[in-house]
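Please read these notes with the model open.

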Amino acid sequence: MGEFKKPINEKEFHENFAQIKPLMDNNQAFYESSRCLFCYDAPCIAACPTEIDIPLFIRQINSNNLKGAAKTIFDSNWMGNACGKVCPTEVLCEGACVYNHQDVKPIEIGRLQNYATRSAIDKNQSLFDLPELKNKKVAIIGAGPAGISCACELRMAGYTSDIFEAHEKPSGLNMYGVAPYKITNQEAALEVDYLKEQFGFSIHYNRRVTSEEDLEELENTYNAIFIGIGLGSTRKINIKNENLKGCFGATEFIEKLRVNEYAEDSLGKRVIVLGGGNTAMDAASESARMGAEEVTIAYRNSKDSMRAYDFEYELAKEVGVKGVFNCNPIEIIGSEKVEGVRFVKTKSEGGSLEAIEGSEFIITCDTVIFATGQSKQKEFLDQIDKLELDKRGRIVVNENFQTGNPKYFAAGDAVNGGAEVVNAAAEGKKAAVGIVRFLES
Amino acid sequence: MADLSINFAGIKSPNPFWLASAPPTNCGYQVMRAFDQGWGGAVWKTLGVPIVNVSSRYGSVDYRDSRMAGFNNIELISDRPLSDNLKEIEEVKKYFPDNAVIASLMVETKEEWHQIIKDVENAGSDGIELNFGCPHGMCERGMGSAVGQEPKVLQTIVEWVMEVASIPVIVKLTPNITDVTDPAMAAVRGGADAISLINTIQSIVGVDLNTLAPFPSVDGKGSNGGYCGPAVKPIALNMVKNCAQHPEMNLPISGIGGVENWKDAAEHILLGASSVQVCTAVMHYGFGIIRELLPGLENYMNEKGFNSIEEMSGAALPNVVEWKDLNLKYKVVASIDEVKCIGCQLCYIACEDGAHQAISISANGDRVPQIIDDNCVGCNLCSLVCPVEDCITMERRDDGKLDVSWDDLTQKGEIPTTFDDDRAGGKGHFVPKPEEALKRKK
């Protein structure tokens with residue numbers, strides 16, 4: 001038996017996926033905030049994609065001005081609450097904390113941030129004076145971090161928006177994509193509900209914008225359209241049997257467990273996760289916590305060349321996940337369902353990866369999860385006149401986040417190809433500034 | 001091996017650590033617990049006129065997560081029956097004949113003073129401390145600091161006391177006065193055997209921002225309290241030094257104020273104290289702190305070669321001089337250890353905004369600041385704000401051959417005489433032009 005029992009209900013699920021950055025209580029926040037040095041030109045600010053004045057909000061927490069702290073955070077980052085929980089702070093603000101240079105534990109900035117914003121959210125506190133509404137309206141496609149940030153920022157400039165969301169819940173990756181030990185569904189929803197109430201934009205759920213007719217209707221109704229649709233489903237890697245029963249895309253696997261909050265199907269005893277990015281680490285970690293006994297991450301290149309953050313790999317290893325490297329999957333084995341994966345060993349040769357002849361081997365398993373990247377939503381985007389995509393399928397935008405079609409703006413994963421929640425939040429906010437410029441020109 | 005035992009104005013004690021007259025010496029039970037753990041003496045919570053205490057008595061100043069960096073109280077003298085206290089003093093002395101029990105006293109009339117002195121002597125006290133320091137409540141009734149602030153009244157009462165006292169008498173002084181040596185010398189003139197200082201400083205530790213009442217608040221109102229704890233040590237040390245350096249001061253001094261660890265005690269002793277009294281630290285951590293105080297002081301004395309408290313007492317006094325005697329040719333400049341630096345740049349902003357614009361930061365992202373030697377006046381500020389031990393040090397730059405003080409210059413007639421005199425210090429110092437402030441604005 002593995003460390004975790006298969007969670008058959010919500011309670012067991014939340015036990016298996018205990019929050020790694022739980023909400024601080026007043027006492028913890030007080031002591032932690034006391035440690036901040038209040039650096040000049042603080043490196044943590046520079047390390048944050050949204051440039052939150054971190055030393056300021058920490059000092060505000062320490063002096064019992066929680067409302068001020070929340071305002072400082074939201075001022076820079078409308079998804080400040082989710083970011084406090086899901087940001088890879090180890091490589092951002094906390095990684096830049098000067099304490100690291102003297103081998104002292106860096107300030108727990110993420111948790112302090114979440115502490116401050118949760119206080120405002122739980123009290124439904126109004127932090128901003130909103131200007132009177134102007135006579136133009138924006139449509140936002142996608143209620144993820146980019147779209148929500150864009151809506152808030154637009155409202156600060158006097159414009160309201162309608163958000164069209166394909167899913168039944170908001171917050172995009174926070175609700176459907178990140179590992180459940182980083183944020184709960186409830187917390188992701190709380191923040192968006194709060195922002196919606198404070199800023200008065202509307203969200204239409206289960207409203208996937210798909211056709212040219214849909215787009216035409218938006219164009220006729222709204223003065224500008226913002227695209228924050230993120231990425232599509234897991235990309236196929238074109239190997240034999242990859243659609244066999246027991247094969248899942250990582251994105252779909254994670255989304256399903258976030259929605260269900262219990263194990264619907266058994267993953268079996270052994271799981272192989274293909275890939276070396278953060279999603280692979282998440283999927284592996286989650287498989288273990290969903291009750292799989294042996295979870296192996298198989299990556300085609302070396303350990304050092306994995307794109308995943310070190311701490312994400314560590315998180316996976318902590319729950320017993322094993323890594324195997326320099327092995328490329330060439331075939332899924334099985335007749336009715338997955339029975340294993342055939343790999344070939346690889347080596348790096350002059351910068352490119354080469355298969356080593358005669359080195360094929362099989363690892364048996366019950367489930368294969370493909371964390372091999374997500375597709376772009378090209379089919380949908382191609383319907384928009386003059387909108388340009390680059391070679392990798394990313395939407396091309398100018399410095400105002402405006403696309404080739406001047407009425408359309410875009411930000412987030414659909415533009416950057418897949419980054420963190422905080423990047424989407426930063427870009428969505430900047431795009432709103434671009435939209436305002438467009439509306440007022 | 002250093003001998004920690006003392007004979008303080010005739011009061012013998014196995015070590016110089018005494019509990020100050022305060023809540024920790026409210027009853028025999030507490031004093032016995034303290035002696036059992038190693039305390040040398042205890043000044044009993046002040047006995048005297050009948051009083052009534054209020055509920056809600058203490059307030060504190062917290063510095064970030066450090067609790068009770070400063071502490072104040074509006075508690076009065078002992079509210080327990082005199083007879084109970086006398087009985088307990090007797091009891092304690094039975095169990096601990098070698099420890100010092102000093103009775104702190106506060107009454108009004110000559111007759112009351114004479115009577116209570118007899119009472120505490122009969123109970124077996126080793127000494128008496130006259131409480132002329134309490135700055136709240138009692139002073140409103142003409143006692144405590146009301147006496148300490150009037151040297152003539154103080155002297156008169158000391159004289160009354162000395163008429164009957166057969167055991168050593170210590171006068172406890174209030175710091176709530178311009179020059180503490182005035183009441184100190186009045187005590188000398190009155191014939192006292194020793195002085196102790198400081199009592200607490202009049203204070204308001206804070207205001208409740210919701211109720212608008214000061215802390216500690218009693219039913220929505222507050223009153224000034226007496227301030228003590230780590231925050232008051234610098235004030236206490238200066239006053240102890242002032243008394244110790246007074247040319248006519250010939251009495252032993254018991255140092256009080258901000259003693260929490262052995263180093264605090266050593267400082268009091270080096271500046272002239274020959275016993276130290278502790279209260280706030282005990283109220284915070286209990287009597288057990290004696291297990292750090294005793295070996296810490298003993299180890300220091302052994303390392304420094306002080307054989308006794310008497311030998312150590314006042315050893316720093318020759319180095320405490322007037323400003324006019326300081327060497328104007330001594331020159332230090334800050335130096336940053338680039339390896340230890342963590343790049344917080346607190347030194348930069350402190351110097352830039354708070355001192356002498358003698359530190360620069362680079363625009364290329366390297367976060368280690370650089371000292372601009374020519375601009376550095378050697379003020380220490382950067383080394384004080386630096387959070388890393390020994391990262392910023394002050395290095396001596398003069399050759400040590402010249403020693404010229406303001407006093408020397410005065411005697412030679414070489415002091416600057418006009419505001420624009422070339423001999424004036426600041427004339428050659430660098431300051432940026434005012435408009436530079438706008439250019440450097442972020």
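1. On terms: Ala, Val, Leu, Ile, Met, Phe, Trp, Tyr, Cys and Pro count as nonpolar, Asp, Glu, Lys and Arg as charged, and the others, Gly among them, as polar. By that scheme, the lining of the second largest cavity has 16 nonpolar, no polar and no charged residues.

2. On the source: this is a predicted model, in which local features need pLDDT of at least 70 and side-chain atom pairs count only at pLDDT 80 or more, while totals for chains, interfaces and linings use all residues. Residues are numbered from 1 along each chain as its sequence is written, chains are lettered from A in the order in which they are written, and side-chain values use heavy atoms, with hydrogens and water left out.

3. A cavity here is a set of points, on a 1 Å grid over the protein atoms alone, where a 1.4 Å probe fits but cannot get out; lining residues have an atom within 4 Å of a point. Points are joined across faces, edges and corners, and a volume is the space filled by probe spheres set on them. The structure holds five cavities of 30 Å³ or more.

4. The largest cavity has a volume of about 500 Å³. Its lining counts 38 residues, and B:Ser21, B:Ala22, B:Asn73, B:Asn199 and B:Thr200 are the closest to its centre. By class the lining has 20 nonpolar, 13 polar and five charged residues.

5. The second largest cavity has a volume of about 110 Å³. Closest to its centre, of 16 lining residues, are A:Cys36, A:Cys39, A:Cys44, A:Cys97 and A:Ile107.

Conventions. 1 Å grid on protein atoms, 1.4 Å probe; cavity = no way out; pocket = protein on both sides within 12 Å on 5 of 7 lines; lining within 4 Å.
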